[in-house]
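Please read the following briefing alongside the sequence and the coordinates. It takes up a pocket, a set of aromatic contacts and a strand in turn.

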Amino acid sequence: MESQFLLAKAKDDELAVRGECGGAVSALFKYLLDQDLVDGVLTLTRGEDIYDGIPTLVEDSEDIISTCGSLHCAPTMFGDLISKHLSDMRLAVSVKPCDAMAIKELEKRHQINENLIYKVGLNCGGSLMPITAQKMIEVFYDVDPSEVVKEEIDKGKFIIELADGTHKSIEIDELEEKGFGRRINCQRCELKIPRNADLASGNWGAEPGWTFIEVITEKGKKLLDGAKKGGYIEVKTPSEKAIIIRGKIENAMIKLAQKYQEKYLEENYPNIENWDEYWNHCIKCYACRDACSLCYCKECDLEKEFYNDEDGVVPDPLTFQGVRMSHVYFSCINCGQCEDVCPMEIPLAVIFHRMQKKYRDKTGFIPGVSEELPPLFSPEKE
Amino acid sequence: MMKVAHTICPSCSVGCGVNLIIKDNEAVGTYPYKRHPLNEGKTCRKGRECFKIVMENRLKEPLLRGNGLKQSSWDAALDAVVSQIKLHPAPEVGIIISGKCTNEEYETLKKFSKNLGVENIGCHTGSVPSVDLGTATLDDVENSEFILIIGDVIKETPLLGRWIILAKENGAEIFAIDKPDETLTGVNSHQYQQVESISSIIDEIDSTVLEKLSSQSTVIISNLENGDNFEKLLTFFNQYDTKIIPVFQDCNSRGAMNILPILSDDDLSDLLEKIKVLYVVGDDPASIMIESMKNLDFIISQGCMVNETTSISDVVLPGSCWAEKTGSLTNTTGETQEISKILEPPGNALDDQNIITKIAEKMGLEL
């Protein structure tokens, strides 16, 4: 189906004001719940502050209002949360590109039923680790992080808003040069508009108070049409100029990501001595495997007796990381969850991402985007 | 119905944040809690699997010994408890509690014992003595220039170990001491010294190491087989201008020692010999000294899990696990963190503070 662009906003006044960019996404969720097209909506809600994004299943459309607003300091992953705990539900889910990639790979492996799920994509320039974000706000913005009531990323800047309405902003480039800003994985990520979801929505190219939506699938189109007919959203066509601006933003971000790939996967890539030191940290706690949406096997080879080396003080990187890598690297979506959860600060994602890139160059397979399974994929492990 | 809720891992004394995944009032998994400043969503395997504790060997109904342990009503169980406590003079009653309860439970139990006139009370911490010192924070560890580690901290308490790794990346010099030929902490240190026994550390330690102890250094002491060693090492390192972190065993050992007397293995065995009625809260003394319990007339066991002590008890009162309580826990660096009730306790189990209060009410005691 041909792509289609439009601008949308919620008709409900409260959703329009409290939701991001006119609350179109919240209105779509409300429509799906009200019309009993889904049993629940999986999205983020704000916990104790803006650094605390909590995955929340909303089953009553009255509660959708509590999910309004963006949270850039919440690098969550929905893929395995759905496949492990919500696979039997008719679900609508707000997806960052990495969520959509994980879900797509899980659909191909029959761990998520694509007929049961609406994927409402959110354009994403990247997210920040919550503790890093707080330190950054303290050091570079000279603001007590607990006083920030809202944050946003716009025109290359990370902008904070304080309770008294004042704003402070700093160029993300500048923050990232000093080791702050977005997660390293997000810096390297080339998928900024989730065209692997049913819809891709965001503020790039949008007028104030409107959400720019790209319709990707038939299902997404039907959802929009239904919500429009039901009086949940109003829509209009974006100007040619808006479409061009959005395209320019996307291209600039992809170029920047490629620059960062070069920096982290080549120029600053750890050398063999660095890796030896990193593998020495490993406590074989399986956190990387457990955080990986693609590691879905019921019985994991890594726990089989022939890979057991309990006698060694340090686990053999070949029979632990090496085996894990050989099982999933080709499908690595560079979500960075393995690295986020590693208690021993091993930069795992760079090695997986680097290998996947080489595989991609040879085979053309793009995990989370390509429709088919990776070439030579063996279902034996399933 | 699914929800993701913040809590603190109850598996060790580090105090990591974890999110529990709750589905239909059952804990079915954990989810990274990246907002938590101590561990940023990182956990060890015990932390990731702590949700299993909620379901494991749970006590769901009060039990009363007749011909074997039989399910009973709360009233009957509590009446049996009260009549036995009343029957014995206060010096014959003992109360022990584990290092896994909340600060609020320690406070309630302290009041209860005081009003009852019971002096034989304490928290059993195994090898660790009561420590009354300001300990280093985790930021201190990260900013240290020199870190001396006794025990395999990186392997045993990885999320404390992580701060050592971060310090090393910041340029800190790491020195480890332990008994085995090789340890994970040793492998990740600049220097590792193997010693004959922990008690010989003070004699054997390299004098150049001691010269490096300053206000910019941290000594981490863990994994000790007996309390005397721990006390000796604390006294020894306290002479230096260094920061110290003792690694306790349970998630609230540190909180317990702020409120209640601490019992070593010897203290516990002495206490058991003095008394006739034992009230155990959340602990399992029978697993380590069943012999010393043979002369007891009556054992009351309150807690969330079936264990060796519940099986020899006369009354068993089903309590709550950490995810079913609201209160606070104090971690090994002395930081107190709140936990909130996420789940309902199973069956007829009750909140532990509520159980203590019910006993007090029946005894006619004010709390």
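**The second largest pocket**

The lining of the second largest pocket comprises 43 residues, and those that lie nearest its centre are Thr132(A), Glu345(A), Glu40(B), Arg162(B) and Leu166(B). The model is a predicted one, and the volume of this pocket comes to about 1,500 Å³.

*Lining of the pocket*

- From chain A, helix H5 (130–140), helix H6 (172–177), helix H7 (184–188), helix H9 (240–267) and helix H13 (337–341) each supply at least two residues of the lining, as do helix H4 (138–142) and helix H6 (158–169) of chain B.
- The element that gives the most to this lining is H6(B), with four residues.
- By residue class, the lining of the second largest pocket divides into 16 nonpolar, 11 polar and 16 charged residues.

*Aromatic pairs and charges over rings*

- Over all chains, the count of aromatic pairs comes to 16; one of them is the tilted pair of Tyr269(A) and Trp275(A), with 5.8 Å centre to centre and 55° between the planes.
- Tyr269(A) counts as buried because its relative accessibility is 17%, under the cut-off of 20%, and Trp275(A) is likewise buried, with a relative accessible area of 5%.
- Another pair, Tyr329(A) with Phe330(A), is edge-to-face, with 5.4 Å centre to centre and 70° between the planes, and both Tyr329(A) and Phe330(A) are buried.
- Tyr269(A) and Trp275(A) also belong, together with Tyr278(A) and Trp279(A), to one aromatic cluster.
- Lys236(A) lies over the face of Trp210(A), at 4.5 Å from the ring centre, while Lys259(A) lies over the face of Tyr260(A), at 5.6 Å from the ring centre.

- Strand E4 (residues 91–95) of chain A is mostly covered, since five of its five residues are buried.
- Leu91(A), Val93(A) and Val95(A) point one way from E4(A), whereas Ala92(A) and Ser94(A) point the other way, and all are buried.
- Strand E2 (residues 40–46) of chain A runs parallel to E4(A) and is joined to E4(A) by three bridges, in which arrangement Val41(A) has Ala92(A) as its bridge partner.
- E4(A) also pairs in the parallel sense with strand E5 (residues 117–122) of chain A, over five bridges, and here the bridge partner of Ala92(A) is Tyr118(A).

Conventions. Residues numbered from 1 in each chain as written. Chains lettered and ligands numbered in written order. Predicted model: local features only at pLDDT ≥ 70, side-chain atom pairs only at ≥ 80, totals over all residues. Heavy atoms only, no water. 1 Å grid on protein atoms, 1.4 Å probe; cavity = no way out; pocket = protein on both sides within 12 Å on 5 of 7 lines; lining within 4 Å. Points joined across faces, edges and corners; volume = space filled by probe spheres on them. Nonpolar A, V, L, I, M, F, W, Y, C, P; charged D, E, K, R; others polar. Phe/Tyr/Trp six-rings, centres within 6.5 Å; stacked < 30°, edge-to-face > 60°. Buried < 20%, exposed > 50% of the residue type's maximum accessible area, 1.4 Å probe, protein only. Lys NZ or Arg CZ within 6 Å of the ring centre and 35° of its normal. Pairing = 2+ DSSP bridges.
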